[in-house]
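Try each task before reading its solution.

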Amino acid sequence: MSGVAEVIHAPTEVRRARYAVAAVFTVHGAVTGSFATRVPWIQDHAGVSTGQLGFALAFTAFGAACAMPLAGSVTHRFGSRAALRGLLALWTLALTLPSLAPNLLTLCLSMFVYGATSGMADVAMNALGVEVERLLGRSIMSGLHGMWSAGALIGSAGGTLAAHLGSDARLHHLLAAAVLTVLGLLVCRWVLDLRPTEDEEPPPRFALPPRSALLIGAVGFCAVFAEGASLDWSAVYLRDELDSSAGVAAACTTGFMFTMAVARIAGDAVVNRFGAVRTVRAGGALAALGGLLIVVAGRPAVAMGGFGLMGLGIAVVVPLCFAAAGHSGPNPSQAIAGVATITYTSGLIAPSLIGGVAQASSLMVSFGVVTALSCGLAVFAPVLRGGDGRTGAKVSPQAAAVPDPRP
């Protein structure tokens with residue numbers, strides 16, 4: 001939201017908002033983790049083939065693409081706090097829908113709603129994260145996304161346990177949605193309540209990505225494609241290609257999320273030391289190595305190690321994309337929404353493309369495509385120059401004096 005940077009917030013308010021936004025990221029991630037580990041159960045319950053599952057997952061991308069550009073208008077009308085509270089609650093409640101679907105049609109409809117609510121909440125919380133980063137005067141976006149990964153890890157751990165016990169995913173997701181909805185409503189009380197100035201023009205109801213977001217989005221495309229493919233297909237890959245049990249297959253998804261969480265939490269220190277470009281280039285090399293291990297794996301342990309390296313390599317890319325977008329022009333919210341639309345829509349398309357390629361050949365070939373795209377991180381990395389907080393941020397002396405709230 002433009003027009004809010006001039007507002008001076010007390011240091012204690014910014015610190016409280018920093019923790020609150022981190023908690024929001026955690027809740028959002030927990031929904032994704034809870035869903036991803038039960039994809040095999042959802043596939044069996046709906047009675048769909050691998051190709052049909054990929055088709056249904058494409059509706060997640062369609063829902064996100066339709067809804068993400070609307071996030072700026074919602075935030076402008078209701079204010080950042082109320083908008084985030086409502087959008088996050090819709091997202092947590094949407095977790096219950098996929099496991100209820102008894103056939104392909106209802107699964108497609110549920111995935112559309114799932115993607116739409118996920119995308120809008122995602123844009124709102126990242127816009128708030130960038131604003132808090134501006135007020136603090138230092139990079140925090142990797143850490144915030146680390147909390148998202150930590151939440152995804154918690155959600156996937158619960159899903160792994162539920163899968164191991166053979167529990168019904170409908171009951172599992174109903175309980176998870178109830179808990180996460182309450183937590184989300186509570187933590188949103190302390191996020192910044194940003195509102196437009198009186199002379200600020202309302203954003204268009206549907207804002208296309210600005211030009212500044214396109215190249216940044218290309219980097220995010222490579223990373224989020226690998227992330228989406230790994231989240232939704234890692235468990236299926238181990239089960240179908242390597243004949244693993246349901247518990248081991250779900251544990252692979254958990255391991256992938258674990259490496260992403262660790263790398264993102266430590267990512268701010270790495271980026272501050274080496275810069276955004278070198279960090280992303282090195283990450284691309286690790287992700288490509290992980291993809292190669294997945295493709296040639298003959299045993300579950302090797303594939304799990306490959307997914308771990310994949311998560312480690314792509315972990316900080318998306319946070320740096322949002323930070324670069326936030327510093328790329330006069331309208332940070334629109335740029336963030338644009339990058340979010342490009343990257344996450346691409347990432348949500350990834351599972352369906354993986355399914356389509358797998359239907360025509362095999363999942364092994366599908367992850368060969370993921371490996372090739374991981375190499376693109378090194379090619380496009382220079383467009384993130386300035387996304388490490390070293391350039392582009394205009395921080396007032398009052399904001400720069402706010403101490404870092406992290407322990």
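Two residues are in contact when heavy atoms lie within 4.5 Å, and helices (H or I, at least four residues) are DSSP runs numbered from the N terminus. The model is a predicted one, in which local features need pLDDT of at least 70 and side-chain atom pairs count only at pLDDT 80 or more, whereas totals for chains, interfaces and linings use all residues. Residues are numbered from 1 along each chain as its sequence is written, and side-chain values use heavy atoms, with hydrogens and water left out.

**Exercise 1.** Determine which residues join α4 to α5, and how the two helices are oriented.

Solution. Begin with the contact itself, in which V74, T75 and F78 of α4 meet S80, A82, A83 and L87 of α5. By class, this contact of α4 with α5 has five nonpolar, two polar and no charged residues, where Ala, Val, Leu, Ile, Met, Phe, Trp, Tyr, Cys and Pro count as nonpolar, Asp, Glu, Lys and Arg as charged, and the others, Gly among them, as polar. Next take the geometry: α4 (residues 71-78) and α5 (residues 80-94) pack at an angle of about 125°, with their axes 6 Å apart. Axes are lines fitted to C-alpha atoms, for helices over the stretch in contact, and angles run from 0 to 180 degrees between N-to-C directions. That angle makes α4 oblique to α5, since angles under 35 degrees count as roughly parallel, over 145 as roughly antiparallel, 65 to 115 as roughly perpendicular and the rest as oblique. Finally, α4 passes α5 in a right-handed crossing; a crossing is left-handed if the near helix is turned anticlockwise from the far one by less than a right angle, and right-handed if clockwise.

**Exercise 2.** Describe how α1 packs against α5.

Solution. Helix α1 (residues 11-36) and α5 pack at about 20°, their axes being 10 Å apart, and this makes α1 roughly parallel to α5. The crossing of α1 and α5 is left-handed. On the α1 side V24, V27, H28, V31 and T32 take part, meeting L84, L88, W91 and T92 of α5, and the contact comprises six nonpolar, three polar and no charged residues.

**Exercise 3.** Classify the ring pair of F307 and F367.

Solution. A search of the whole structure finds eight aromatic pairs, meaning rings of Phe, Tyr and Trp (its six-membered ring) with centres within 6.5 Å, where planes under 30 degrees apart count as stacked, over 60 as edge-to-face and the rest as tilted. In F307 and F367 the ring centres are 5.4 Å apart and the planes stand at 90°, so the pair is edge-to-face. Because F307 lies in α14 (residues 300-314) and F367 in α17 (residues 363-380), the pair ties together parts that are 60 residues apart in sequence.
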